Amino acid sequence: MKVSFFLVIIGAFYWLNGAAQQTAGTSGCLLNTPSADFNPDGTFSFGSNYLPETVMPGRLDYSTGNFFLNITYFSFLELTYRMTLLKMERNDNKMTNQDRSVSVRVRLLKESKILPAFVVGGNDILTSSFLTVFANNKNVNQYFGSLYGVATKNIPLSGNIIGLTLGYEYAHNEAPQFSGVMAGVRFSPAFYKPLSIIVEYDSFNVNAGVSILLFKHFYFQTFTSEFNNISVGIAYRGQLKTLKNN
C-alpha cells in the first residue's frame with residue numbers, strides 16, 4: 001500500500017518540468033542528502049519544507065518544518081540561512097521557537113566529461129559564540145551540525161541522464177541528522193529531462209521521491225522516508241544580476 005502510494009505520486013507529477021531541491025534549502029539534485037550539483041552563478045531561492053520525524057536529528061524527535069534563503073553569488077560558493085521550527089516544553093510543546101542555522105558549500109572541482117564534480121560543505125556550522133561542529137556539547141544547539149565531502153557524476157544514457165552521488169558526512173554530536181557514508185541516484189528521462197526521480201541513502205534512511213518545476217521558477221518536491229513518512233517542500237528560484245552579467 002505504501003509503495004503503491006509512492007507510485008501514484010510519481011504518476012501524478014510525471015508530466016511536469018522538474019529539478020530537485022534539498023530539505024536543507026541548499027542546491028543539489030537529491031532530497032535529504034547533499035550532492036555536488038551546483039546552481040549557476042547568481043541563483044537565489046527561498047522556500048519551506050515539511051519534515052517528518054524520520055529525517056530529523058535524534059534530539060528533535062517530532063515532525064516539524066523549516067524556512068530557508070539560499071544564494072550562489074560566485075560559481076564556487078553557496079550560502080544558506082535556515083530556520084527550523086521547534087517545540088518548547090514551557091509552552092505545552094507548541095511550535096513557538098526556531099533554530100537558526102547557516103550552511104556553506106564550496107565547489108572544489110567542476111564536473112567534466114571524465115571527472116565528477118566535488119563539493120565540500122558544512123551544515124549548522126555557527127553558534128552564538130563560536131565556529132565549530134566538533135564540540136560534543138549538550139548545551140550547544142547545533143542540531144544539524146556536520147561537515148561533508150561529496151562527488152557527483154551525471155551520465156548520459158540513450159538520451160536519459162543518470163546522476164550518481166557518493167559522499168561522506170561527519171557529525172560529532174550525540175544524535176546527528178547524518179553521520180557516515182551517503183549515496184544517491186537521480187534519473188531524468190529522455191522524454192522530459194527536467195523531471196527527477198530520486199532514490200538515496202542519507203547515512204540513516206532510504207528515501208525515494210520526485211521533484212518538479214512549475215512556471216519556470218517554482219520547485220516542488222515530495223519523498224517518502226523508509227516508505228513510511230511523507231515530506232514535501234516548495235521553493236521559488238530566480239536569478240540575480242551579477243558582475244558577469246553586467
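Me: A cavity is a set of points on a 1 Å grid over the protein atoms alone where a 1.4 Å probe fits but cannot get out, and its lining residues have an atom within 4 Å of a point. How many cavities of 30 Å³ or more does the structure hold?

Reply: This is a predicted model, in which local features need pLDDT of at least 70, side-chain atom pairs count only at pLDDT 80 or more, and totals for chains, interfaces and linings use all residues. Residues are numbered from 1 along each chain as its sequence is written, and side-chain values use heavy atoms, without hydrogens and water. Over the whole structure, the number of cavities of 30 Å³ or more is four.

Me: How much space lies in the largest cavity?

Reply: The lining of this cavity includes Gln22, Asn66, Arg82 and Phe178. A volume here is the space filled by probe spheres set on the grid points, which are joined across faces, edges and corners. For the largest cavity it is about 100 Å³.

Me: Which residues of that lining are nonpolar?

Reply: By class, seven lining residues are polar, one is charged and four are nonpolar. Ala, Leu and Phe are among the types counted as nonpolar.

Me: Which residue stands opposite Arg186?

Reply: Strands are DSSP runs (E, at least two residues) numbered from the N terminus, and two of them pair if DSSP finds at least two bridges between them. Strand 8 (residues 180-188) pairs in the antiparallel sense with strand 7 (residues 160-170) over nine bridges, with Gly180 opposite Glu169. Strand 8 also pairs in the antiparallel sense with strand 9 (residues 196-201), over five bridges. There, the residue opposite Arg186 is Ile198.

How values were computed: On a 1 Å grid over the protein atoms alone, a cavity is a set of points where a 1.4 Å probe fits but cannot get out, and a pocket is an open set with protein on both sides within 12 Å along at least five of seven lines; lining residues have an atom within 4 Å of a point. Helices (H or I, at least four residues) and strands (E, at least two) are DSSP runs, numbered from the N terminus.
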